[in-house]
2 protein chains.
Amino acid sequence: MRAALDAARAAAETAEVPVGAVVMQGDRVVAVAANAPRTLHDPTAHAEMLAIRAAAQALGRDRLEDCDLWVTLEPCAMCAGAIAHARIARVYYGAADPKGGAVEHGPRFFTQPTCHHRPEVYSGIGEGEAGELLREFFAARR
Amino acid sequence: MRAALDAARAAAETAEVPVGAVVMQGDRVVAVAANAPRTLHDPTAHAEMLAIRAAAQALGRDRLEDCDLWVTLEPCAMCAGAIAHARIARVYYGAADPKGGAVEHGPRFFTQPTCHHRPEVYSGIGEGEAGELLREFFAARR
């Protein structure tokens, strides 16, 4: 989660909402990414999406059954869907996102009958620092 | 929808589930894409995602408020989330997807309070041909 928080901080420095994500295969870091939709002109470029895509490229396959995802914020519906498609084994996330989250809020996607893979989910990891980064970012832009 | 169906047919020829998508800006085709997660080693590479990403690249921005998406199959949660993030104005889709769809099935994402943009949605367009492509594909693989 340290690497994910560092990526979140890097996102803030490019005026992107500070969210970072890491894909791990056991103890090995496969991919690290920062949220970058504006920078990349890509509405799908959330940290989780970029990390999952980079990990799949690095491993040369479209399923990551042996990988875990660490992310500083509760994934949205798009990212939760991607996590399920990628067959990620475990998801560890920091701050909850009542406005846009899709794991413990809104669609609670992993509980839906149309969700074909349910990762193990662990929340609240590093949430203090992850949430503080987000609060500072939005306060500075008001 | 004709171009989306042609893209779906092209996907089937590469052993991918036959789904195709097109992003239009008024009468102009901005991007066409075929479903390609296996080919690209990218679990996020659904037709809608590839078309949205290509359109955002082509237009040099991360929001597509003036664009419409045509897709041969009901979008999943990942793609519905991406459609909302991209601020797509209208979504036209072909076959319904009771097993994985997220518009009229499962999370019905566009009705969720955590969905921050609701496109106009028109379903059933070209559904006969879109559904037949999918049925032929899965029948041939059984």
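Reader: In what sense do strand S1 and strand S3 of chain B pair, and over how many bridges?

Author: Strand S1 (residues 20-25) and strand S3 (residues 68-73) of chain B pair in the antiparallel sense, over four bridges. Strands are DSSP runs of E, at least two residues, and helices runs of H or I, at least four, numbered from the N terminus; pairing takes at least two DSSP bridges. The model is predicted, with local features needing pLDDT of at least 70 and side-chain atom pairs 80 or more, while totals for chains, interfaces and linings use all residues. Residues count from 1 along each chain as written, chains are lettered from A and ligands numbered from 1 in written order, and side-chain values use heavy atoms, without hydrogens and water.

Reader: Nice! Which residue is the bridge partner of B:Ala21 in S3(B)?

Author: That is B:Val71.

Reader: And what is the strand order of the open sheet in chain B?

Author: S2-S1-S3-S4-S5, with mixed pairing. The edges are S2 (28-34) and S5 (120-123) of chain B, each pairing on one side only.

Reader: Switching to helices: at what angle do H3(B) and H4(B) pack?

Author: About 20°, with axes 9 Å apart; axes are lines fitted to C-alpha atoms, for helices over the stretch in contact, and angles run from 0 to 180 degrees between N-to-C directions. So H3(B) is roughly parallel to H4(B) (under 35 degrees; over 145 is roughly antiparallel, 65 to 115 roughly perpendicular, the rest oblique).

Reader: Which residues make the contact?

Author: B:Glu48, B:Met49 and B:Ile52 of H3(B) meet B:Met78, B:Cys79, B:Ala82, B:Ile83 and B:Ala86 of H4(B), where contact means heavy atoms within 4.5 Å.
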